[in-house]
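Here's a quick tour of a protein model for you to follow along with. Keep the 3D view open and click on things as they come up.

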Amino acid sequence: MQNATKFICSAALLLAVATMGLAGTLFVAHISSAQAQEEYLPTQKDFVGKWKLSGATTRPPRDMTDAPTPEQEAAANEFQQTVTNFYTAFDYLEIMADGRYNFHQPGDPTSGPCVWCGTWSFSKSSLWLKLDTAPRLDIYAKDGDIQMTYTAEPDEKSKYAWLVFGWTKVE
């Protein structure tokens with residue numbers, strides 16, 4: 001009789017543990033795999049607005065086969081500082097729905113002539129500024145910041161491919 005009681009208690013305990021484990025599994029099963037694997041692909045309108053420079057860093061170009069030398073890294077960091085100083089001279093980057101962009105300087109009237117402006121295109125979920133350096137703007141999350149990288153170099157000695165800038169929406 002005592003063995004039967006122990007068996008029932010053990011079976012009840014195992015059933016309780018299994019039920020709790022199953023409940024945990026069922027809880028996880030309620031999240032669909034499509035939901036878990038969802039990737040945000042921005043549209044053109046996600047880029048439209050005013051953006052303020054929020055950060056900068058360097059990253060070796062993706063197609064670089066050898067580890068960067070200390071000289072290459074130092075040169076890239078120095079160039080990054082130069083380009084960052086250039087961007088900080090502007091109040092904000094405005095991307096307009098009609099296919100234009102404009103880097104506004106402090107005090108510029110919103111309808112005045114632009115100092116550094118041009119047109120953009122949209123391809124493969126990225127916005128591309130039409131410049132020699134081919135800046136590519138990417139948004140990785142809905143209502144997220146922009147990451148700007150460069151995909152072209154105006155000449156052999158350029159360090160643009162190392163540069164990464166972050167922009168935060170201000171409007």
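**Hairpins to start with**

Let's begin with E5 and E6, which make a hairpin with five residues between them, and Ala 134 in its turn has a positive phi of about 50°. Keep in mind that you're looking at a predicted model. The protein chain as a whole comes to four helices and eight strands, and buried residues make up 26% of its 171 residues.

**The order of things**

- Going from the N terminus, the elements of the chain run α-α-α-β-α-β-β-β-β-β-β-β.

**How the strands pair up**

- Look for Leu 127, which stands opposite Leu 137 in E6.
- E5 also has E4 as a partner: these two pair in the antiparallel sense over four bridges. As an example, Ser 121 has Trp 128 in E5 as its bridge partner.
- What about strand E1 (residues 49-58)? Three bridges join E1 to strand E2 (residues 92-95), and the two run antiparallel. Trp 51 has its bridge partner in E2, namely Leu 93.
- E1 is joined to E8 as well, by seven bridges, and again the strands run antiparallel. Here you can pick out Ala 56, whose bridge partner in E8 is Phe 165.

**The turn between E4 and E5**

- E4 and E5 form a hairpin too, with two residues between them.
- Which residue in this turn has a positive phi of about 50°? That's Lys 124, and it has this value although it is not a glycine.
- Is Lys 124 buried or exposed? With a relative accessibility of 74%, Lys 124 counts as exposed, because the cut-off for exposed is over 50%.
- Ser 125 lies in the loop between E4 and E5 as well. Its phi is near 65°, which is another positive value in a residue other than glycine.
- Ser 125 is partly exposed, with a relative accessible area of 22%.

**Rings next to rings**

- How many aromatic pairs does the structure hold? There are 16 aromatic pairs.
- Take Phe 47 and Phe 122: their ring centres are 6.0 Å apart and their planes sit at 65°, so this pair is edge-to-face. The angle matters here because planes over 60 degrees apart count as edge-to-face.
- This pair links distant parts of the chain, with Phe 47 in helix H3 (residues 44-47) and Phe 122 in strand E4 (residues 116-123), 75 residues apart.
- Phe 47 has a relative accessible area of 0%, so it is buried. Phe 122, at 28% relative accessibility, counts as partly exposed.
- Now try Tyr 87 and Phe 103: the ring centres are 5.6 Å apart and the planes are at 20°, so this pair is stacked. For stacking, the planes have to be under 30 degrees apart.
- Tyr 87 sits in helix H4 (residues 70-88) and Phe 103 in strand E3 (residues 100-104), so to speak a link between distant parts of the chain, 16 residues apart. Both Tyr 87 and Phe 103 are buried.
- Tyr 87 and Phe 103 also belong to one aromatic cluster, whose members include Phe 79, Trp 116, Tyr 150, Phe 165 and Trp 167.
- One member of that cluster, Phe 79, has a charge over its face: Lys 159 lies there, at 5.6 Å from the ring centre.

**The largest pocket**

- The largest pocket has a volume of about 260 Å³.
- Its lining is made of 17 residues, and those nearest the centre are Arg 62, Thr 149, Tyr 150, Thr 151 and Ala 161.
- Which strands each supply at least two residues of the lining? They are E6 (135-139), E7 (146-150) and E8 (163-169). The largest share comes from E7, with three residues.
- Sorted by class, the lining has eight nonpolar, three polar and six charged residues.

Technical notes:
Residues are numbered from 1 along each chain as its sequence is written. This is a predicted model: local features need pLDDT of at least 70, side-chain atom pairs count only at pLDDT 80 or more; totals for chains, interfaces and linings use all residues. Side-chain values use heavy atoms; hydrogens and water are left out. On a 1 Å grid over the protein atoms alone, a cavity is a set of points where a 1.4 Å probe fits but cannot get out, and a pocket is an open set with protein on both sides within 12 Å along at least five of seven lines; lining residues have an atom within 4 Å of a point. Grid points are joined across faces, edges and corners, and a volume is the space filled by probe spheres set on the points. Ala, Val, Leu, Ile, Met, Phe, Trp, Tyr, Cys and Pro count as nonpolar, Asp, Glu, Lys and Arg as charged, and the others, Gly among them, as polar. Rings of Phe, Tyr and Trp (its six-membered ring) pair if their centres lie within 6.5 Å; planes under 30 degrees apart count as stacked, over 60 as edge-to-face and the rest as tilted. Buried means under 20% relative accessible area, exposed over 50%, partly exposed in between (1.4 Å probe, protein chains only). A charge sits over a ring if NZ of Lys or CZ of Arg is within 6 Å of the ring centre and within 35 degrees of the ring normal. Two strands pair if DSSP finds at least two bridges between them.
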